[in-house]
Amino acid sequence: MSLRDELFKKFGTNFQSSFADKGTLTFPREYSFPLDSEETTLYQDFFFHLKDEYRFHMLIDICYEDVLGEGCLYYQFLNLEVYFCLQVTVPIGKSRYFPSLASLWKSAEVLEEDMMKHHHILQSEGRKTQQRVDLSLFKNEDKAPGIAPVPEYKMPLQPTESQRLRYWKRFGPHSSPFNGKMRVDLLISEEKVFDSQLVTGLYFRDFEKKCLSKDPNELIFFFERLCIKDSVFAPLLWIETIEQRFSISIPDKAKAIRMVWMELARVEGHLNFLWELTQELGFFVESSVFAELLEQVYHLFNIYSGKTQNFSLFTFGGMKKQNPIGWGTECLEVAKYLYKNIEDVEKEFNRNPRWMEVTKGFSMNAGTALDYGFTGPNLRACGVNFDTRKTQPTYFYDDVDFEVPLGIDGSTYDRFLVRLEELKQSLRIINQVLDHLPAGDVINKEHILYKGLYDQGADDLTYSLKEGVIPFREGSSFSSIEATEGQLGLFVRTDASKLKKVHVRSPSLIHSGAFSELIKGGELAGVFTAFQSLNLDPWEMDR
Amino acid sequence: MKTHENRLGPRSPSWGGVSFYSINSLNFLERMKSWSRAELLSPFVLGANCCARELYRLSGPNPQVSSIRENFLESEPIESCDVLIISGIINKQISPYILEAYERMLSPRYVIAVGTCAATGAVFETMASDEILPVDVYVGGCPPTLDTLMNGLDLLRERIRKGIKPRPQFIDGVTYES
């Protein structure tokens, strides 16, 4: 009996599923209770049941929506054995409190906190959380938050010798490993680190709320500026959700070119990571090689769009324009050049005892990584074979031959190696796709949005989407894409006429939750390397 | 520490006209001083965003950047820098840290706002860098191209060479020289 049938049998009409790998479950009536009360065991029992019996080992995302004072929670769970994504909807009414799931999934801690900061709702259980900037300060125009003081270490009554020497110290946002990214407070004693606090929120710009006042067409450009590591995956995710809603099909050539762009973005992201890491550790010769390879990729971007970042390439129903003449061959040549150079650099790193020494340690086992909700190369470095390009192949990923590199113990060195190998695999994919590039047009001109755009004039598409002339399909959907750093997710709920809720599942935010456990007891110099190796994106985290 | 209440007052007459600062009005020592200052800028980049990535390309192996390579990557402490390059959005959370960096820098200190977010606050409807600091040079673009960035730096160099002082701060109606 498949998992889908089991869920049907257990929950009956509460469970709905129209796809083989997706389903929605409304919180059953028999579990419901006044959520204002302190009674949380029933609520947690239900979710424990989901985790234990139906093997939903990963909590991917939590989202809160407020409709006219009535709150609603959306949990996204993932079963890795048979790839199945379950959305659990919990109406919590006018209550401002809800029970925490942090005891069941560790990823809930950082997700719940993020949600609390955005919506001013509280949990019923008080617990120690990481320090973040309080968003309620935004309401008061006169008061600006100053620099938060460094916390004081409370010594126990009978301290040991190492405890007597402990103190909190602030790092960043001006100093080198955290330059501009975030501020990190560390509890140090004799060059060893015992605890940490991330102070994020420096790039908070209310992205999700501002999305609601924009047109769907405008949002493509808005989503390009969501992440800073690449500007391909986020707009593509938005376009894919709209294409699913209106059931727009895209031509084969557009699919192939989108694949090439996704892999190019992955190459760019990983090269940037390698460049940053080698720069930070003082391997300047290698870092200059990576910088040169990056310039080659930027050269390709420049030919196509005249820019190196935030290029507007995609549109609903395909690509905006055909490839420039000769771009394909240029791309193949660059791929060949990159592959050769990366192999050379890899040999250098394999022989280098200094590199091995600098990047050792800070390992994480697979179970903990899954509990924290890791995805992408950070999870694969721990040895978990999970890549949505293999489990849920979109476009032509089914027909392409590539491998998913895995690490052993999830140390800093493994995180570096997995990315280096993935880079080569991406180049392999680009080669295969460009060799068999289909002929034809790159945009589907038959679909309803295109007709709205060109038959009625350019302004009318946005008008008609806004005013409900072309109606949205009502309902909510959660879709995700295998981005450079992990699964980038997007939760969208639409009314009949317009967007009601946009929520982004940021992989960097979830990876940051494991930081304080990862570095516990490590050397101070290694902590900075471990921070770099997680590859956090502050713009995506703070939104 | 001076807080977010820094606002730019009206332009003072001594600040405005270019003819006042023509290079002939400086004596030899002043000219020498401004020349040396212009030739060896030590910029400090604050920000980890698309504009900063574009800035770091200036010190990389790029054929476009043939004349002058900037040393953005050599990590100098803020205390020895005299040009602050702000990139990325500015909100109430990050502004105290920017002001902190500004106050730790060498005097006279110049400020460049790079990118549409920092210069005008347009993309995400956030604060502009004007609202917290006196800005000398604005560089537009989302992100700005390499040419625009180089032009912006050249503009600052030209201003320093002519002996133009950095814009002063106005706090509660009192002028403070930067």
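Mentor: Helices (H or I, at least four residues) and strands (E, at least two) are DSSP runs, numbered from the N terminus. Residues are numbered from 1 along each chain as its sequence is written, while chains are lettered from A and ligands numbered from 1 in the order in which they are written. This is a predicted model in which local features need pLDDT of at least 70, side-chain atom pairs count only at pLDDT 80 or more, and totals for chains, interfaces and linings use all residues; side-chain values use heavy atoms, with hydrogens and water left out.

The largest pocket has a volume of about 1300 Å³. A pocket is an open set of points on a 1 Å grid over the protein atoms alone, where a 1.4 Å probe fits, with protein on both sides within 12 Å along at least five of seven lines, and lining residues have an atom within 4 Å of a point; points are joined across faces, edges and corners, and the volume is the space filled by probe spheres set on them. Of the 44 lining residues, those closest to the centre are Phe19(A), Lys22(A), Gln244(A), Phe478(A) and Ser479(A). The lining divides into 13 nonpolar, 20 polar and 11 charged residues, where Ala, Val, Leu, Ile, Met, Phe, Trp, Tyr, Cys and Pro count as nonpolar, Asp, Glu, Lys and Arg as charged, and the others, Gly among them, as polar.

Among the elements of chain A that each supply at least two lining residues are strand 2 (22–26), strand 5 (84–93), helix 7 (233–245) and helix 8 (252–281). Strand 13 of chain A gives the most, with 8 residues. Because domain 1 (3–129) and domain 3 (207–506) of chain A both contribute to the lining, the largest pocket lies between them; the domain bounds come from an automatic or database assignment.

Strand 1 and strand 2 of chain A are antiparallel and share 2 bridges, with Phe15(A) partnered by Leu25(A) of strand 2.

Another open sheet in chain A has 3 strands in the order 8-9-10, paired antiparallel. Strand 8 (167–171) and strand 10 (192–199) of chain A are its edges, and the twist averages 25° from one strand to the next. Helix 20 (524–534) of chain A packs on this sheet, touching strand 8, strand 9 and strand 10, and its direction makes about 155° with that of strand 9. Contact means heavy atoms within 4.5 Å, and axes are lines fitted to C-alpha atoms, for helices over the stretch in contact, with angles from 0 to 180 degrees between N-to-C directions. Strand 8 and strand 9 (183–189) of chain A are joined by 5 bridges, and Arg170(A) stands opposite Asp185(A). In the loop between strand 9 and strand 10 of chain A is Glu190(A), whose phi is positive, about 50°, although it is not a glycine.

In chain B, the peptide bond from Ser107(B) to Pro108(B) is cis, with omega near 0°, and Pro108(B) sits in the loop between helix 4 (95–104) and strand 3 (110–114) of chain B.

Definitions and conventions:
Two strands pair if DSSP finds at least two bridges between them.
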